[in-house]
Amino acid sequence: MNGTQARHFRADKFDFWSFFFSGLTGLATLFIIGILVTILVNIIYNGWSSLSWHFVSTIPTDLFNMKTTGILPMIVGTTIRVFVMTIFVIPVGVITAIYLTEYAPNTSLITRVIRAAVNNLAGVPSIVFGLFGLGFFINFVGKNMDLLLHNPTSVWGRPALIWAALTLAVMTLPVVIVATEESLKAIPPGLREASLALGATKLETILKIVLPQALPGILTGGILAVSRAAGEVAPILLTGVCTYMVGLPHSPTDQFMDLGYHVFILSTQSNDIDATRPILYATVLVLLMLTFALNIVAILIRARVRKKLRALG
Amino acid sequence: MAETLIQKIVAQQAPAAAPAAGAPFIRIEDVSLYYGASKALKNISLNLDEKVVTAFIGPSGCGKSTLLRCLNRMNDLIDNVRIDGCIKIGGHDIYAGDVDVIELRKRVGMVFQKSNPFPKSIYENVAYGLRLHGMKSKSDLDAAVEQSLRSSALWDEVKDRLHSSALGLSGGQQQRLCIARAIAIKPDIILMDEPASALDPIATSRIEELILELKKDFTIVIVTHNMQQAARISDQTAFFYIGELIEFGPTAKIFTNPSQKRTEDYVTGRFG
C-alpha cells in the first residue's frame with residue numbers, strides 16, 4: 001500500500017467559493033429577518049402607547065380624533081368577512097380538490113385545463129378579483145336577486161359584507177384547492193384499496209377513510225386562506241367596504257368597515273397627518289394582532305384534529 | 001433431481017385435499033388482460049376448487065398478482081385495463097354487465113402485500129366492513145369483531161386494547177388484523193397478495209398457520225414469492241411465467257415432479 005501516507009483528510013486549501021456562498025445565504029436570511037424585525041419593532045414601539053381598551057372597543061364618531069375614534073367596527077368587520085369567507089371557501093375548495101384527485105380522469109384535457117385555471121387564478125391580481133366581485137356578485141347576482149324578490153329598493157345589488165366575503169373566497173380558492181389536493185395525494189393508495197376491497201363504494205371510501213386523514217392538510221389550506229384574506233384590501237374595495245358607517249353591520253347585506261382599509265383611510269384622508277399618526281400605528285398593530293389571532297385559532301383547530309387522529313376513538 | 005428442502009417440506013405435508021365433486025368454484029376461462037397495448041395475461045384458463053389453498057408462483061412481472069386482482073375486480077381501478085375471457089365464481093360471470101362489484105368484493109376478500117390497517121382503532125378496523133354492510137347494533141358488532149379477531153389468532157394479543165390505534169401493532173399483528181378485517185364480512189374467498197413478504201420468519205409462520213386454519217372455512221388464493229411457503233401451505237400451485245400459465249397441479253407434483261422444464265428450473269431455483 002504505497003502512497004497511503006500522502007492521503008489525508010485535511011483540506012489542502014481554503015475553498016473561497018464555498019465560504020462565499022454559505023456567507024451569502026446567511027446574509028440573505030439575515031436581511032429578511034432584519035426587515036421583519038424592523039417592521040414589527042417600529043409598529044409595536046409606536047403603536048403600543050396609543051393602544052387602549054377604549055380604542056379597540058369604541059364605535060368612532062370622528063375617525064381622525066384620538067379622543068373620539070375607536071376601531072371596534074373595523075375589528076368586527078374584518079373578523080366577520082374572514083369567517084364568512086372561510087365558510088364558503090373550504091367546502092367549495094375541498095369538493096373541487098376531491099373531484100380533481102379522485103374523480104377526474106387524470107390525463108384528460110379537461111382536468112389539465114381545470115388545473116391550469118386553478119393555478120392561474122392564484123396569480124390574478126387582487127384588484128381584478130375586486131372588479132370581478134363587483135361585476136359578477138353585485139351587478140349580476142345581486143341585481144337579479146333584487147329583481148326576482150321584487151325589492152322596491154336595492155337590497156342585494158349593492159356592495160355588502162356577503163359579496164366582499166364571497167369575492168375573498170373566490171380569491172383564496174386556489175390556496176384551499178392546492179392544499180387539499182396535496183393532502184389527498186399523500187394518503188397511501190393502500191388505504192383506499194383496503195376500503196374498496198371490503199366492498200365500500202368510492203363515496204364511502206372518500207368520506208370515511210380519505211377525508212378524515214386529509215383533514216389536517218385541508219385545515220392548513222384554510223389557515224393559508226385566512227392569512228391571505230385577513231390583510232387584503234383590494235378585493236373588498238369595490239365589493240363591500242365603506243369609509244365610515246354608524247354602528248356595526250347587522251346583516252349580510254350591510255356594508256362594513258375594515259382594518260386594512262381603515263389604515264389606507266387614515267394615511268390618505270387625514271387633514272393633520274401628525275395628529276393621526278398614533279391612531280394609524282395602533283390600527284396597524286391591531287390588524288397584525290388580529291391576523292395573528294385568526295391564524296392561531298385555525299392552528300389550534302388543526303392541532304386538535306391531529307391529536308384526535310393520532311389518539312383515535 | 002436431488003431432494004431439495006422444498007421437496008422435504010412437500011413430503012411432510014398431508015396429502016392434498018381430494019378435488020371437490022361437481023363444478024369448480026372459481027373458473028377462469030381463457031382470460032387475457034391488457035394494460036393499454038401490452039398483454040399482461042395471455043389466455044389463462046384455470047379451475048380452482050372450494051376450500052382449497054391455491055398458490056400462484058412465478059418470477060416478478062409474471063402476472064400472478066394481476067390475475068389475483070381480476071378475481072375481485074380490483075383491476076377496475078386502473079385506467080386502460082381491458083380484460084377478455086370469462087371468470088366465474090360459483091357459476092356467476094363476475095365480469096357480466098349486471099354484476100354488483102360491491103357484492104362481489106363482499107364475497108371475495110383481499111389481503112394486501114403491505115399491511116394496510118386504517119388509521120383507526122383495532123376495533124374500528126374490523127368493524128369498518130361490518131358497518132358498511134349495515135350492521136349497527138353494538139352487541140352484534142362486538143361479537144363479530146371478537147369472532148374475527150379470534151379466527152385470525154389476534155384476540156389474545158389485542159383484547160385489552162381494542163380501542164387503541166391499529167398503527168401501534170407490530171407488522172405481523174397488523175397483517176393479521178387485515179386478515180381479521182377481511183374475514184369479518186364473511187367472504188367465500190380470500191385473496192392474499194404476498195401477505196407475508198414484509199414480515200420476519202416468526203410472524204410469517206404465524207400467518208402460515210393461520211392460512212392453514214382458515215382453509216376450513218374459506219377458499220384461499222395466495223400469491224407468493226416464497227416457494228417454501230407455497231410448498232408448506234398450498235394444496236394446488238399454479239406457475240406463471242411472463243403472463244402465461246405454465247403449469248398447474250397439486251403442489252406436491254409441481255415441486256417434486258413437474259411436467260414442464262421451466263417449472264422445474266424455477267422451483268429448483270435455477271432461475272427467477
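A: The largest pocket has a volume of about 680 Å³. The model is predicted: local features need pLDDT of at least 70, side-chain atom pairs count only at pLDDT 80 or more, and totals for chains, interfaces and linings use all residues. Residues are numbered from 1 along each chain as its sequence is written, chains are lettered from A and ligands numbered from 1 in the order in which they are written, and side-chain values use heavy atoms, with hydrogens and water left out.

Q: What is a pocket, and which residues lie nearest the centre of the largest pocket?

A: Rolling a probe the size of a water molecule over the atoms shows where empty space is left. On a 1 Å grid over the protein atoms alone, a pocket is an open set of points where a 1.4 Å probe fits, with protein on both sides within 12 Å along at least five of seven lines; lining residues have an atom within 4 Å of a point. Grid points are joined across faces, edges and corners, and the volume is the space filled by probe spheres set on them. Of the 25 residues lining the largest pocket, T101(A), E102(A), R192(A), K202(A) and L77(B) lie nearest its centre.

Q: How is the lining of the largest pocket divided by class?

A: Ala, Val, Leu, Ile, Met, Phe, Trp, Tyr, Cys and Pro count as nonpolar, Asp, Glu, Lys and Arg as charged, and the others, Gly among them, as polar. Here the lining has 13 nonpolar, 3 polar and 9 charged residues.

Q: What lines the second largest pocket?

A: That pocket holds about 300 Å³ of space. Its lining has 14 residues, with G190(A), F112(B), K114(B), S115(B) and N116(B) nearest the centre.

Q: In what order do the strands of the open sheet in chain B stand?

A: Strands are DSSP runs (E, at least two residues), numbered from the N terminus, and two strands pair if DSSP finds at least two bridges between them. In chain B, 6 strands form an open sheet in the order β6-β7-β8-β3-β9-β10, with mixed pairing. Strands β6 (108–111) and β10 (244–250) of chain B each have a single partner strand, so one side of each is left without a neighbour in the sheet.

Q: In which sense do β3 and β9 of chain B pair?

A: Strand β3 (residues 53–57) and strand β9 (residues 236–241) of chain B pair in the parallel sense over 4 bridges. T54(B) stands opposite Q236(B) in β9(B).
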